[in-house]
Amino acid sequence: MNAIEELTLPPLPEALPRPVVDNHTHFLSTRQFSGLSAKDSLELARQVGVTRVIDVGYDLESSREAISLAQADPQVVAAVALHPNHAAHLFEQQGQEALDAELAQVPALARFSQVRSIGETGLDHFRTRSEDGRMAQVHSFRAHIRLARELNLTLMIHDRDAHQDILNVLDTTEPPERVVMHCFSGDAEFARECVSRGYWLSIPGVVTFGSADSLREAVAVVPPEKLLVETDAPYLTPKPERGKPNAPYLLPHTVRFLADLTGTDLDEFCDQLVRNTFDAYGGPWGADA
């Protein structure tokens with residue numbers, strides 16, 4: 001019995017004709033959510049052409065685990081940060097001193113050679129409603145921006161219901177050269193604002209949902225060289241597996257959908273996504289490094 005059968009996970013999709021990269025996944029959360037180990041997840045992903053993955057931290061524990069996994073598997077690189085909701089919760093429960101103490105530990109993690117990105121960081125107005133919590137998020141966000149610029153790492157941004165505030169912070173804190181809008185959720189107008197600043201837009205499986213017309217309209221205005229794709233596993237599973245646990249091996253559903261949406265040959269689209277990822281995250285890793 002394989003991992004899919006044992007854990008009753010969605011079946012393997014048809015393999016892609018060319019390799020692609022999952023720009024954003026959470027192996028620790030996936031293991032906790034569905035029981036799928038990072039080792040099994042990576043093997044399933046390789047079988048369908050997802051040959052590289054960015055494992056993303058959202059607190060100190062998950063950031064350390066992402067680094068450890070990247071040290072063990074050259075096809076993985078890490079992103080490290082305190083998620084904005086974690087920053088807000090820490091501030092609300094324990095105060096500014098506790099938040100700053102955790103923020104002070106991120107730079108040491110960011111200096112590991114396997115780390116390509118500071119993220120995910122940003123603002124979340126959906127889950128954090130209090131003024132104090134939102135102020136703590138801005139404080140944390142600015143600290144992460146400064147660190148990414150100092151270390152010349154890519155800034156990976158979480159933005160939920162905070163589009164204009166995200167741009168306001170970025171426009172006043174001098175972001176690094178490379179900025180990725182993870183799990184892009186804005187409309188075409190916001191996409192144009194991001195592209196005009198040189199940012200990459202990473203598209204999740206949400207784009208396959210029937211209710212995602214505005215996201216599909218946003219994709220239409222993004223230059224091909226600024227488009228990325230991600231799972232955000234274990235969340236946001238694309239159709240036709242929506243509602244089931246997500247994992248990098250399900251990325252082909254979103255890749256095929258986007259190739260059709262943009263009218264791009266699938267082989268060419270896969271190659272473009274890989275070039276975009278390497279541009280966004282400072283060059284190749286794994287077999288091509």
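Figure 1. Asp 161 is exposed, with a relative accessible area of 52%, in a structure that is a predicted model. The residue belongs to the loop that runs between strand E5 (154–160) and helix H9 (163–173). Its phi is positive, at about 55 degrees, although Asp 161 is not a glycine. Most residues other than glycine have a negative phi.

Figure 2. Leu 236 lies in the loop between E8 and H12. Phi of Leu 236 is near 55 degrees, which is a positive value in a residue other than glycine. With a relative accessibility of 29%, Leu 236 counts as partly exposed. Pro 240 is likewise placed in the loop between strand E8 (227–229) and helix H12 (251–262). The peptide bond joining Lys 239 and Pro 240 is cis, with omega about 10 degrees.

**Figure 3. The cis peptide bond between Gly 119 and Glu 120.** Gly 119 and Glu 120 are joined by a cis peptide bond, for which omega is about 10 degrees. Glu 120 has its place in strand E4. Most peptide bonds are trans.

Figure 4. Leu 12 is found in the loop between helix H1 (3–7) and strand E1 (20–25). Its relative accessibility is 35%, and Leu 12 therefore counts as partly exposed. Beyond its neighbours within four places in sequence, Leu 12 is in contact with Ile 4, Leu 44, Gln 47, Val 48 and Tyr 249.

**Figure 5. The salt bridge between Arg 18 and Asp 271.** The closest N and O atoms of the salt bridge formed by Arg 18 and Asp 271 are 2.9 Å apart. Arg 18 lies in the loop between H1 and E1 and Asp 271 in helix H13 (residues 266–280), so the pair ties together parts that are 253 residues apart in sequence. Arg 18 is partly exposed, with a relative accessible area of 36%. Asp 271 also counts as partly exposed, at 25% relative accessibility.

**Figure 6. The salt bridge between Arg 46 and Asp 73.** In the salt bridge of Arg 46 with Asp 73, the closest N and O atoms are 2.4 Å apart. The pair links distant parts of the chain, with Arg 46 in helix H3 (residues 38–47) and Asp 73 in the loop between helix H4 (60–72) and strand E3 (76–80), 27 residues apart. Arg 46 is partly exposed, with a relative accessible area of 34%, whereas Asp 73 is buried, with a relative accessible area of 11%.

Figure 7. Glu 150 forms a salt bridge with Arg 111, in which the closest N and O atoms are 3.1 Å apart. This pair links distant parts of the chain: Glu 150 is in helix H8 (residues 131–151) and Arg 111 in the loop between helix H7 (106–110) and strand E4 (115–124), 39 residues apart. Glu 150 is exposed, with a relative accessible area of 55%. A network of salt bridges links Asp 171, Glu 193 and Arg 197. The count of salt bridges comes to nine.

**Figure 8. Packing of helices H5 and H8.** Helix H5 (residues 84–94) packs with H8 at an angle of about 125 degrees, and their axes are 8 Å apart. H5 and H8 are therefore oblique to each other. The crossing in which H5 passes H8 is right-handed. H5 contributes Pro 84, Asn 85, Ala 87, Ala 88, Phe 91 and Glu 92 to the contact, and H8 contributes Asp 132, Gly 133, Ala 136, Gln 137 and Ser 140. By class, the contact of H5 with H8 comprises five nonpolar, four polar and two charged residues.

**Figure 9. Packing of helices H2 and H4.** Helix H2 (residues 27–34) and H4 cross at roughly 105 degrees, and their axes come within 9 Å. H2 and H4 are therefore roughly perpendicular to each other. Phe 27, Leu 28 and Arg 31 of H2 meet Glu 61, Ser 62, Glu 65 and Leu 69 of H4. The residues in the contact of H2 with H4 divide into three nonpolar, one polar and three charged.

Definitions and conventions:
Residues are numbered from 1 along each chain as its sequence is written. This is a predicted model: local features need pLDDT of at least 70, side-chain atom pairs count only at pLDDT 80 or more; totals for chains, interfaces and linings use all residues. Side-chain values use heavy atoms; hydrogens and water are left out. Helices (H or I, at least four residues) and strands (E, at least two) are DSSP runs, numbered from the N terminus. Buried means under 20% relative accessible area, exposed over 50%, partly exposed in between (1.4 Å probe, protein chains only). Contact means heavy atoms within 4.5 Å. A salt bridge is a side-chain nitrogen of Lys or Arg within 4 Å of a carboxyl oxygen of Asp or Glu. Axes are lines fitted to C-alpha atoms, for helices over the stretch in contact, and angles run from 0 to 180 degrees between N-to-C directions. Angles under 35 degrees count as roughly parallel, over 145 as roughly antiparallel, 65 to 115 as roughly perpendicular and the rest as oblique. A crossing is left-handed if the near helix is turned anticlockwise from the far one by less than a right angle, and right-handed if clockwise. Ala, Val, Leu, Ile, Met, Phe, Trp, Tyr, Cys and Pro count as nonpolar, Asp, Glu, Lys and Arg as charged, and the others, Gly among them, as polar.
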